[in-house]
Amino acid sequence: MELDERQIAVSQMNDEELQAELDRHGVVLTPYEARRIVELIGRDPTICELHIFNVEWSEHCSYKSSKATLEEFLPTDAPNVIQGPEEDAGIVFFTERDGKRYGIVIAHESHNHPSQVLPNEGAATGIGGIVRDVDCMGADIIATADPLRFGDPTGENAERTRWIVSGVVDGIWQYGNALGVPNLGGDVYFAPEFDDNCLVNVIALGIVAEEDIIHSAVPPEAAAEPYDLILVGKPTDDSGFGGSAFASKILDEEEEQEDRGAVQVPDPFLKNVLAMKKANAQVKQRARELGIKIGFKDIGGGGLACATSEITASGGMGVEIDLDKVHVGLENLLSETICCAETQERYVWAVPAEFTGEVLRIYNEDWDLPNIYEGACARVIGRFTNDGVYRLTKGGKIVCEAPTEVVTSGISYEREAQPKEYEGNEPGFAMPADMNEAFLQVIGHHNVCSRAYIYRSYDTEVQGNAVIRPGEAGAGVCAPLEGCVRGVALATDGNPFYGLIDPYWGGATAVAEAMRNVAAVGACPAALTDCLNFGNPENPQAFWEFREGTRGLADAAKNIHLKDYPDSPTPVISGNVSLYNESASGRAVAPSPIIACVGILEDYSKAVTMQLKQAGNKLYLVGSRKDELGGSAYYQALELGLGRNVPHIDWQQEQGMLWAVIDAIEAGHIAACQDTSDGGVAVALAEMALGGFGKGELGVAVGVTEEMQDGLRPDKWLFTESSGFVMEVRVGHEQQVEQIFADHGLELLELGTVTSDPQFQISAGGAVVELPLDEVREAWTSGLAAVLT
């Protein structure tokens, strides 16, 4: 069979000519990279091959700038890890039940560029892609979460920001609700650094018995018996063509219309039939019954080419694919479009030829895919070979023929890192004369106030496993295994303002806060994932920010150990790197390492929320207050600039606080708990009084003595974001709690009392806040609507 005559004469062009030819074909490879392809395959590439390498060697797929840094810093192994970051999702041990070991599956991705260009479709397909990653591990999907970063809703681009927020939120709920997956949490920040590049990170959780795990690889059995490659799902069209390359470039407003073609089109109803314990699950179950080894991979970034080459290479095999057998939704699609379009709701299976007929019957007859979506079906498109070659044909000609390992191994760069000097300083200002007004400014600020305006449309009840819902605490909790009392907690965190000042501590505090939020509901942190959102890695200062953020989160993970394995770091078991979050003007996003933490509760019925429970209970603080207001909500609300002194983490104190809080909640001593992050102690107390839905009716009476302030000015003491927890301790349990914390080398500060009178009262030297709870409620619950409508 002859090679496709549509080739690019790379070897015959100078760099200028080659760059023009690459641009003409919409390929973002550099001339150096195009010449490297020639070296690796021994000839000039076909146009199809050029596009395949374009997506496979994109930053999104190859991690060509980041892989070395990740390998250098991140701890990825621990005794509780079942599957580390080698695949699209990680797995951490959950429990044993009925002779089976169960794991929690977690995947974490970004859909930033698509969501900036087409917010609804970009966010929806982000949710669609992340649940596929979990589904492909053999797991049942149990939850999603969505950390979001948007532009300034009060700034010069406010109208565009509001449009993006509306579209992203609609995309998330429209897809997630129709799919039938509950939203367990997330977080939201607004800053001008995200005006040109919003961040839409997505997380999915699943549960799987260890014996039922499926890998994204052709099984070893394929070396000895015939295995088919089956394509399942929507008919391939041209949507999302070049999506991975698009996700790895700088956004330019002048190219926005063109870029919209690189955004995928979602269909949650078809995904529901495929993924939600339906068609895909039937294939998995039947394979288990027959004792058949199978491989399963979703088609996401890089399209069919990426999925088929990676499932093949992971098994050490080759594959022959006939592109004419791919079911398509448009006529006359070019081979490169069929290979690289990112049409949604598609998967590939590697199955024994003897099992193929049953797989096709399950999809095409039992679940009747062709009548659920026009053109959808399951089809055999290829077979696996032992020659290690990735071979694609169309129209009787070879359009791609290269060693599979060459296609998937990617390319790597040693980027230069140059420190970026932060020039800001702490503001000089007098303590506000009216602390009531200052407090209301903070509690009503769009980076502090209630997020209900965002999550109120999300379905949190579907599947019936919710224990703690978004807004009720810093972490969501669900009970995923029927008849089992163990629970799963999930928190997401990452303060971008800390990253602007010091990317190292931006990464470290993101890990610490995610762990604190998990501990505050009573769960033990078990594993982490990261999504590293940074600017252009070809800019030495931006690459330094990336390395520092990664080093900071890694140090936190290495120094805050697992409670059940005190000598083990907290493992990072999955994640994503999103670079080139920068506009054509050179404006990059704030360095944003966004962390998800999975926690395990021995008994979900012991989980606590942040809302105060009973008048007369005492309020306690753990965690020393320091002059650490750099990047704080207090400075933002009072328009004082960023400041300089970001919170630093004392690893030993942090670990002790986490373990003590978990022990105290497990013992039943703690009625409510909230960490001190955005807005410090003052905001933590207000959130506890109001509760997640803003309906709390219990007040607080807090008195902070001069000795407790330890030389820190009263307003700074109240609003510093130094690490810590505020706890409501049940009457009669005070001594037990004090002893638990003393055993961890920690001293508690008694702040005051929960009152039946709905008044919010704090006295800290000259700083006095005394307001009716209703006034606090109004500021907190209306803050987002005020800037987004």
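1. In this predicted model, the lining of the second largest pocket comprises, by class, 10 nonpolar, 4 polar and 7 charged residues. The lining amounts to 21 residues, and those that lie nearest the centre of the pocket are Asp140, Ile207, Lys277, Pro480 and Leu481. Two or more lining residues come from each of β3 (100–110), β4 (140–145), β8 (199–209) and α12 (279–290), and α12 gives the most, with 4 residues. The space in this second largest pocket is about 470 Å³.

2. The largest cavity has a volume of about 690 Å³, and of the 41 residues that line it, Gly186, Asp187, Arg451, Ala473 and Gly474 lie nearest its centre. By class, this lining has 18 nonpolar, 15 polar and 8 charged residues. Elements that each supply at least two residues to the lining of the largest cavity include the strands β6 (183–185), β7 (188–190), β18 (487–493) and β23 (670–675), together with the helices α19 (452–455), α21 (503–519) and α25 (680–690).

3. An open sheet is formed by 7 strands in the order β10-β12-β9-β13-β11-β14-β15, and its pairing is mixed. At the edges stand β10 (295–298) and β15 (397–403), each of which has a single partner strand, so that one side of each is left without a neighbour in the sheet. From one strand to the next, the twist averages 20°.

4. At one end of that order, strand β14 (residues 389–394) pairs with β15 in the antiparallel sense over 6 bridges, and the bridge partner of Arg391 in β15 is Glu401. Helix α13 (residues 303–314) packs on the sheet, where it touches β9 (227–233), β10, β11 (318–322), β12 (346–352), β13 (377–385) and β14. The direction of α13 makes about 30° with that of β12.

5. As to the protein as a whole, 29 helices and 28 strands are present. The radius of gyration is 27 Å, which is close to the 28 Å that the globule rule gives for 789 residues, so the protein is as compact as a globular protein of that length. Along the principal axes, the C-alpha trace spans about 85 × 60 × 45 Å.

Conventions. Residues numbered from 1 in each chain as written. Predicted model: local features only at pLDDT ≥ 70, side-chain atom pairs only at ≥ 80, totals over all residues. Heavy atoms only, no water. 1 Å grid on protein atoms, 1.4 Å probe; cavity = no way out; pocket = protein on both sides within 12 Å on 5 of 7 lines; lining within 4 Å. Points joined across faces, edges and corners; volume = space filled by probe spheres on them. Nonpolar A, V, L, I, M, F, W, Y, C, P; charged D, E, K, R; others polar. Pairing = 2+ DSSP bridges. Axes fitted to C-alpha atoms, helices over the stretch in contact; angles between N-to-C directions. Contact = heavy atoms within 4.5 Å. Rg over C-alpha atoms; globule rule 2.2 N^0.38 Å.
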